[in-house]
Amino acid sequence: MRPGEPLAPADHSRLRMDLLSATRECRHAFDDLLDLHGVTGFTTTNPLQRLWWDFAVGSRHVQFTSYVVAQNYGRLLLGVGEAVPGSA
C-alpha cells in the first residue's frame, strides 16, 4: 500500500491483533529470561530490570488493551455491530 493510504477496517483490526500477540510473546520471553536470571534480575543496578520495567509499562499502553482489540476483531470477523470508536 502507498503512504497515507488507509487500511481497511478488517486489515487494521487484524494488524492490532498481530501486534497484541507479539507483545504477549515478548512478555512471556521476558518472564522466562528473568526466571532464568534469578532474583538479581530485579535489582535496580541490573540493566535487565530496567528493560523489563520499560517493556512492562509500555506494553500496557491503551493500544495493547487486549479486551478491546479482541472484541473489535471479533465484531469485524462476525459482522456484528461497529468497532469501539477510536480503537478499531
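1. Arg50 and Asp54 sit 4 residues apart in helix α2, so about one helical turn separates them. Helices here are DSSP runs of H or I with at least four residues, numbered from the N terminus. The two side chains form a salt bridge, with N to O at 3.0 Å; the term asks for a side-chain nitrogen of Lys or Arg within 4 Å of a carboxyl oxygen of Asp or Glu. Arg50 is exposed at 51% relative accessibility, while Asp54 is partly exposed at 39%. For these labels, buried is under 20% relative accessible area, exposed is over 50%, and partly exposed lies in between (1.4 Å probe, protein chains only).

2. A word on the basis of these notes: the model is predicted, local features need pLDDT of at least 70, side-chain atom pairs count only at pLDDT 80 or more, and totals for chains, interfaces and linings use all residues. Residues are numbered from 1 along each chain as its sequence is written, and side-chain values use heavy atoms, leaving out hydrogens and water.

3. The count of salt bridges is 2. Besides Arg50 and Asp54, Asp18 pairs with Arg14, their closest N and O atoms lying 3.1 Å apart. These residues are again 4 apart, in helix α1, and so are separated by about one helical turn. Asp18 is partly exposed at 37%, and Arg14 is partly exposed at 41%.

4. Now to the rings, where the count is 2 aromatic pairs. Rings of Phe, Tyr and Trp (its six-membered ring) pair if their centres lie within 6.5 Å; planes under 30 degrees apart are stacked, over 60 edge-to-face, and the rest tilted. Phe30 and Phe55 make a tilted pair, 5.3 Å centre to centre with 35° between the planes. This pair links distant parts of the chain, Phe30 in helix α1 and Phe55 in helix α2 (residues 47-58), 25 residues apart. Phe30 is buried at 17%, whereas Phe55 is partly exposed at 23%.

5. Phe42 and Trp52 are edge-to-face, with centres 5.3 Å apart and 85° between the planes. Phe42 lies in the loop between α1 and α2 and Trp52 in helix α2, so the pair ties together parts 10 residues apart in sequence. Phe42 is partly exposed at 41%, as is Trp52 at 25%.

6. Please also look at Thr23, in helix α1 (residues 9-37). Thr23 is buried, at 10% relative accessible area, and its side chain reaches the backbone oxygen of Leu19 at 2.8 Å. Leaving aside neighbours within four places in sequence, Thr23 is in contact (heavy atoms within 4.5 Å) with Phe55, Ser59 and Phe64.

Methods:
Helix = DSSP H or I, 4+ residues; strand = E, 2+ residues; numbered from the N terminus. Polar contact = N/O pair within 3.5 Å; in protein donor to acceptor, adjacent residues only side chain to side chain.
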